[in-house]
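Reader: Please take a close look at how the aromatic rings pair. Then show me what surrounds them.

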Amino acid sequence: MEDRDHGAGRWDGLCSRDASLREVAMDSVRQAVMSLTEKVGPINGKPPPAPAAPNSCCPPVPLVSSDGLNEYLVRLLVLSRRCPFGDVRDKCGAILQAVQEMGVRIPRPLGQGPSEFIPEKEILQVGREDAETRVLFIEAFATLGRLDNITLLMGFHPQYLDSFLKTQHYLMQVDGPLPYHYRHYIAIMAAARHQCSYLVNLHVNDFLQVGGDPKWLAGLESAPRKLQTLSEVNKILAHRPWLITKDHIEKLLKAEEHGWSLAELVHVVVLLTHYHSLASFTYGCGINPEIHCDGGHTFRLPSVGSCCVCDFTNGNNGVDDLLNGQEGSDQGLEAACEVEALMEKMKQLQECRDEEEASQEEMATRFEREKTESLSVAPTEDEESVDTRDISRHFEDPSYGYKDFPRHGEQNVPTFRAQDYTWEDHGYSLVNRLYPDVGQLLDEKFQIVYNLTYNTIAMHKDVDTSMLRRAIWNYIHCMFGIRYDDYDYGEINQLLDRNFKVYIKTVVCSPAKTTKRMYDSFWRQFKHSEKIHVNLLLMEARMQAELLYALTAITRYLT
């Protein structure tokens, strides 16, 4: 049995930018796989026993042994599909084919690519990306050792992806206030709050790889008391951030031997808000399990003739096209009319802006009206429920969920006036002071996504989309009780139809309830890249809203 460091180094070598180092690592992998295959051999035409995945989370790759072949084969499958280096993809595919020819069953991916909502053939294919995106994919792969589904979808927007990767790298992998295993455990806590098994699985693996204690994964009660103290703040920020107060902050800072420093707490808050929001993006885009994770692959043979079952779910056959053709013409005409109507509304609103400006009283009334209207926007209750059995152990009080921001005068929860505490003037400087450079990274990410535009809407070019982007951003903040004095909230009802509002509110407030039907029902003539752009806006607007409440509470504690 070889030592762990040697096994890890073999795989790490495949992430190198140096082709000669990759070749050496690839030869080492091939030799190990061939040796194991010869030892195991075909067992009555069946594969070797599948490795157990405890708690439905992907285990770290174990030490190489005679029964470790499946882990190797799954890794090879991932690399043959998701490695930005063509030499590695080709050689991994060749090794898998050689193993299969030796009579051992090899794994195949389940599902339909990175997203349940977007046909795989319409997503950027690894190896076919442009030069700018390829550089980003290589950077992500070299840094993380993987090219995950989130990165592949964000690849539609390289400028944003660059900022996102830099920020996440800094939060998780650069020296900072928190130990590395704490960072991944906090990510698990935050993702679990929204039952996001996709992110939980990734960070369970990362937690173990950086030396985290496997016993902590039995449940929050098995983690150190210091991490357990974050449960309340995690819960409130995830579901009702307007309820966080300076008392919550004081409790964490003055918890005697379990207390956090201010710098640690800012790191914690940024991580919690980052992963709550990333859970929204994950559900909003219908992200599928990674190939190497539970539910991402199988060793079973396809059950339909010579076709892979996944062909029938990812649009790689003519069935979908045939069905779509029968009913697509009427829907296409209706969707085209929706685009034209939206364009006309934008034009009319711009003309109204130029002609008159509403009074402050009227603006305040329109905000309250929009906030009240948002209470009636909710997903239907007959959607499939998420199985939380393996996730809920990572957090407390699973019954605690999103509740609408109180109506005016209902509770002692005042509207958050954005002008009183802005990210630009207050939050940015506080984060940068206590966790250097992170404020700058977050600010760049917020600015990029808010201003990101290709001046297109569906089939129209040379369109100023700033009005639409601001309506989406401000609608999210409105749901969280944040009001901008200089914004006319009447524009939201003009620009965002009910289907779109249902989708936005579900993704932001109850992401686990998001369905493909919701995704398909809004902006039907828009490109998938535009809908991913919407999800980036939702994610960042949500993160900023959570941060504003948390940082306000910290500021009040400090003053």
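Author: Buried means under 20% relative accessible area, exposed means over 50%, and partly exposed lies in between (1.4 Å probe, protein chains only). By that rule, 54% of the protein's 559 residues are buried. This is a predicted model, in which local features need pLDDT of at least 70, side-chain atom pairs count only at pLDDT 80 or more, and totals for chains, interfaces and linings use all residues. Residues are numbered from 1 along each chain as its sequence is written, and side-chain values use heavy atoms, without hydrogens or water.

Now the rings. The structure holds 23 aromatic pairs. Rings of Phe, Tyr and Trp (its six-membered ring) pair if their centres lie within 6.5 Å; planes under 30 degrees apart count as stacked, over 60 as edge-to-face, and the rest as tilted. F117 and Y519 make a tilted pair, because their centres are 5.2 Å apart and their planes meet at 35 degrees. F117 lies in the loop between β1 (108–109) and α5 (131–144), and Y519 in helix α21 (residues 516–521), so the pair ties together parts 402 residues apart in sequence. Helices (H or I, at least four residues) and strands (E, at least two) are DSSP runs, numbered from the N terminus. F117 is buried, with a relative accessible area of 4%. Y519 is buried too, at 0%.

F500 and F522 make a stacked pair, because their ring centres are 4.7 Å apart and their planes are at 0 degrees. F500 belongs to helix α20 (residues 498–509), while F522 sits in the loop between α21 and α22 (528–558), so this pair joins parts 22 residues apart in sequence. Both F500 and F522 are buried.

The charged end of R22 sits over the ring of F85, 3.9 Å from its centre. R240 places its charged end over the ring of Y400, again 3.9 Å from the ring centre. The test is NZ of Lys or CZ of Arg within 6 Å of the ring centre and within 35 degrees of the ring normal.

At 27% relative accessibility, Q125 counts as partly exposed. Its C-alpha is 9.2 Å from that of R81, 44 residues away along the chain. Helix α3 covers residues 69–82. It has 14 residues and reaches 20 Å from first C-alpha to last, close to the 20 Å expected; that expected span is 1.5 Å times one less than the number of residues. Twelve of the 14 are buried, so α3 is largely enclosed by the rest of the structure. Among the buried residues are L69, Y72, L76 and R82.

Next, the wider packing. The largest nonpolar core has 167 residues. Such a core is a set of buried Ala, Val, Leu, Ile, Met, Phe, Trp, Tyr and Cys residues joined through side-chain atoms within 4.5 Å. Its largest share, 16 residues, comes from α22. V33, M154, F281, I472 and I504 have the most contacts inside the core. Leaving out residues up to four places away in sequence, F281 touches I150, L153, M154, I287, I532, N535, L536 and M539. Contact means heavy atoms within 4.5 Å.

Helix α22 also meets α11. Eight of the nine residues of α11 are buried, and they pack against α8 (180–193), α10 (225–228), α12, α13 and α22. I244 lies in the loop between α11 (231–239) and α12 (246–253). At 8% relative accessibility, I244 counts as buried. Beyond neighbours within four places in sequence, I244 contacts V233, I236, L237, Y549, A550 and A553. The C-alpha atoms of I244 and V233 are 7.3 Å apart.

Last, confidence. pLDDT is the predictor's confidence in each residue, from 0 to 100. The protein's mean is 83, and 78% of its residues reach 70 or more. Over residues 1–6 the pLDDT is below 50. It stays under 50 over residues 381–389 too.
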